[in-house]
Amino acid sequence: MPMSDSFKSRLFPVVKNIAAYYGTPFHIYDESGIRATGKRLKQAFAGIDGFREYFAVKALPNRRIMQLMKEMDFGFDCSSIPELILSRQLGASREEIMFTSNNTSHEEFLFAERDGGCILNLDDISLIDKVPNFPELICFRYNPGPRRTGNVIIGNPVEAKYGVTHEQVVEAYRRARDRGAKRFGLHTMVASNELDYTYIVETARMVLEVADLVEKELGIRFEFVNIGGGFGIPYKPEQQPLDLQSMARDITELFAAFKTRHGYAPRMYMESGRFMTGPHGALVTTAINAKDTYRKYIGLDACMSSLMRPALYGSYHHIDVIGKENLPKTEVYDVVGSLCENNDKFAIQRELPPIADGDTVVIHDSGAHGHAMGFQYNGRLRPKELLLREDGTVELIRRAETVEDYFATYQFSPDLFRPGQN
Ligand SMILES: *Cc1c(COP(=O)(O)O)cnc(C)c1O
């Protein structure tokens with residue numbers, strides 16, 4: 001079931017008011033929903049000592065949302081300099097930031113160690129010698145290759161650019177130790193939008209087995225293992241949600257068994273993005289044009305610059321038309337934006353009630369990898385972001401981009417260079 005009933009029951013009765021006040025389009029996020037999911041995650045894994053969620057910043061890099069995460073005592077998973085800056089602005093300390101970059105530049109390494117540093121998660125064995133000042137605490141991203149078959153979005157691990165191979169993993173930690181590392185973590189990320197909880201249990205089993213292997217070879221004790229993100233949410237009405245309770249029960253057992261064998265167990269970290277915020281966001285738009293040609297089209301005042309998942313992955317996002325939720329779905333529409341790209345469609349051949357100009361159209365589950373993936377192609381700018389707060393008030397948490405923002409990169413000092421002549 002996309003978008004929680006609770007969010008829907010609080011948003012839909014007032015959404016036209018909000019639209020009238022702020023203007024469409026906008027993404028709106030649900031504070032109660034995000035907090036409830038955070039609480040559920042913590043409770044589910046309460047049986048594992050030192051469990052911590054590092055919110056994957058790229059899913060929803062909005063300061064106000066990140067502040068909610070901070071209040072829940074979550075850390076942040078970052079993979080770029082701006083994401084590190086955001087996390088530090090919120091007061092995240094070194095061990096509250098995982099820096100999981102790939103194809104990392106020298107500049108990024110320098111930035112990572114600034115301002116108290118972070119947990120460096122290295123993506124390749126070749127990077128060990130490129131870390132300017134090797135930290136005491138180090139982590140590697142492990143890629144199981146043919147040992148796991150991937151899931152749909154992230155693909156087959158053999159074809160994934162990420163991580164060190166099974167054959168390299170012991171050597172990676174040996175070399176890190178030679179460079180002075182004394183504290184160790186292990187990370188993997190092999191799923192995306194996975195709804196089968198057993199796949200994630202197997203991921204936890206896998207990282208614990210690798211921790212076991214490295215410990216046997218090198219005598220290293222792991223402080224933590226990080227099972228990554230990729231917890232799925234049901235975008236389609238007929239999909240079942242991820243069985244968090246069963247997943248947590250099985251993973252907790254794996255950690256308990258590890259503890260029995262070793263006399264200690266590493267802490268468990270995860271870095272969910274989508275699961276934390278995906279269902280707690282919606283893109284609210286207005287229908288502005290109905291077109292009847294070879295197909296019937298409904299044109300919205302938003303386009304794929306606000307939400308590109310349907311165009312990029314062919315993803316399904318559920319759609320409701322306010323005031324028409326219970327009408328029979330007698331029409332078949334392509335619901336489109338105004339970008340000069342034929343894949344600028346939020347829905348293709350979707351059964352919906354008849355839509356008229358001026359109708360408020362709500363696109364579900366835009367809370368993760370929605371606004372964040374936005375872009376400016378074709379001069380289409382990103383919309384504003386709002387927060388529906390627990391007390392029912394609505395707060396602007398990012399303004400819409402303006403034409404001035406679009407032209408901002410033309411503000412520079414003249415700079416002319418004649419190659420070969422200096
Ligand atoms: C994208 C990403 C995540 C979050 O993925 P979700 O599907 O949003 O949970 C976590 N960790 C890493 C390293 C990522 O690249």
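1. Asparagine 193 sits in the loop that links strand S7 (183–188) to H8, where helices (H or I, at least four residues) and strands (E, at least two) are DSSP runs, numbered from the N terminus. Although asparagine 193 is not a glycine, its phi is positive, at about 50°. With a relative accessibility of 19%, asparagine 193 counts as buried, on a scale where buried means under 20% relative accessible area, exposed over 50%, and partly exposed in between (1.4 Å probe, protein chains only).

2. A word on provenance: this is a predicted model, in which local features need pLDDT of at least 70 and side-chain atom pairs count only at pLDDT 80 or more, while totals for chains, interfaces and linings use all residues. Residues are numbered from 1 along each chain as its sequence is written, and side-chain values use heavy atoms, with hydrogens and water left out.

3. Aspartate 73, which is not a glycine either, has a positive phi of about 70°, and its place is the loop between helix H4 (63–71) and strand S3 (75–78). Aspartate 73 is partly exposed, with a relative accessible area of 45%. The peptide bond from threonine 24 to proline 25 is cis, with omega near 0°, and proline 25 belongs to the loop between helix H2 (15–22) and strand S1 (26–30). As background for these points, most residues other than glycine have a negative phi, and most peptide bonds are trans.

4. The chain is divided into domain 1 (31–277) and domain 2 (279–402), with bounds that come from an automatic or database domain assignment. Taken over C-alpha atoms, the centres of domain 1 and domain 2 are separated by 32 Å. Across the boundary, 24 residues of domain 1 are in contact with 22 residues of domain 2, contact meaning heavy atoms within 4.5 Å.

5. Leaving aside its neighbours within four places in sequence, isoleucine 251 is in contact with Phe45, Ile48, Ile200, Val201, Ala204, Ile227 and Met268.

6. The axes of helix H5 (residues 81–89) and helix H6 (residues 106–113) come within 10 Å and cross at roughly 10°; axes are lines fitted to C-alpha atoms, for helices over the stretch in contact, and angles run from 0 to 180 degrees between N-to-C directions. That makes H5 roughly parallel to H6, a label for angles under 35 degrees. Ile81, Leu84, Ile85 and Arg88 of H5 meet Glu107, Glu108, Phe111 and Ala112 of H6. The residues of this contact divide into five nonpolar, no polar and three charged, where Ala, Val, Leu, Ile, Met, Phe, Trp, Tyr, Cys and Pro count as nonpolar, Asp, Glu, Lys and Arg as charged, and the others, Gly among them, as polar.

7. Within H5, Ile81, Glu83, Leu84, Leu86, Ser87 and Arg88 are buried, and the buried residues of H5 pack against H4, S3, strand S4 (97–99) and H6. Just after H5, glycine 91 takes a positive phi of about 90°.

Conventions: Angles under 35 degrees count as roughly parallel, over 145 as roughly antiparallel, 65 to 115 as roughly perpendicular and the rest as oblique.
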